[in-house]
Amino acid sequence: MTERTAMTQQKPRRARWPWVLLIVVVVIAALAVAAEFLARSILPGIVRGIVVEQLELPADQQLDVEASGILLPQLIGGKLDELHLSTESVTIGGITGAADVTAFGVPLQGGDLTDARGTVRIDQNQFTALVAASDLPIDEITFAAPDVTASGSLAILALPIPVSLTVTPSADAGELVLTPIELQVAGLTLNAAQIADRFGDAAAQLTQPQRVCIADQLPAGLTMTGLSIEGSAAIIDIDVDGAIVTDQSLQDNGVCP
């Protein structure tokens, strides 16, 4: 056998390291995926427990928790980029409704949030409680998006006169603003001058925009930034002070002047 034939018959040995590297990569990827799924299954329960404890909510409070993005890098870095919290019914301060809040920059070892904002959806009864401090003659509140109609009565010369006032609600500087668009007195639609002429200036004031402070019905760390009527609900937009998770005073209700 010649040297050339021997070299031809000898099989080259294949390098094994690419296959070993591929297997290692696959195993690491599988472990990462498993760890991600594990983190997503465990984290909501942990966050829910912390929120319930910090805000002194009932132990059986329904609260859905969802974190955005890939969790492992965030857990390693000690801060969640974005955390979404939602519930069908929760009492916040003096208001009960459905809440939907998104928090940003949530530290896992404790500390202030970077930012948070969301909405609270309340029904007609809860809205009535909000405007109870106004000068409106309120016996009944009805919604007809985007407006609200307050019905009641005014005492004119010791006689009860039925009044119906339709307003458009909004928010400004944390206060509830009620802007009148129609006023009916004893079934007649009258303007401010006509009301003042017939019933006096006190009744005419009902035609002016009213500002209602609701700070005493919300935690001090929440600021109302908007309010609108959608169907059978009032939607309150809120900004959340990031220090509310560490500062007890921000969890207590605010104060109206």
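Modeller: The open sheet has six strands in the order E1-E2-E3-E4-E12-E11, with antiparallel pairing. Strands (E, at least two residues) are DSSP runs, numbered from the N terminus. Two of them pair if DSSP finds at least two bridges between them. Strand E1 (64-67) and strand E11 (222-230) stand at the edges. Each has a single partner strand, so one side of each is left without a neighbour in the sheet. From one strand to the next, the twist averages 15 degrees. Axes here are lines fitted to C-alpha atoms, and angles run from 0 to 180 degrees between N-to-C directions.

This is a predicted model: local features need pLDDT of at least 70, side-chain atom pairs count only at pLDDT 80 or more, and totals for chains, interfaces and linings use all residues. Residues are numbered from 1 along each chain as its sequence is written, and side-chain values use heavy atoms, with hydrogens and water left out.

Now the pairings. Strand E2 (residues 79-92) meets E3 in the antiparallel sense over 11 bridges. Threonine 91 has threonine 96 in E3 as its bridge partner. E2 and E3 form a hairpin, with two residues between them. Glycine 93 sits in that turn and has a positive phi of about 65 degrees.

Next comes E3 with E4. Strand E3 (residues 95-107) and strand E4 (residues 115-122) pair in the antiparallel sense over seven bridges. Valine 101 stands opposite glycine 118 in E4. Phenylalanine 104 stands opposite aspartate 115, also in E4.

Terms used:
Helix = DSSP H or I, 4+ residues; strand = E, 2+ residues; numbered from the N terminus.
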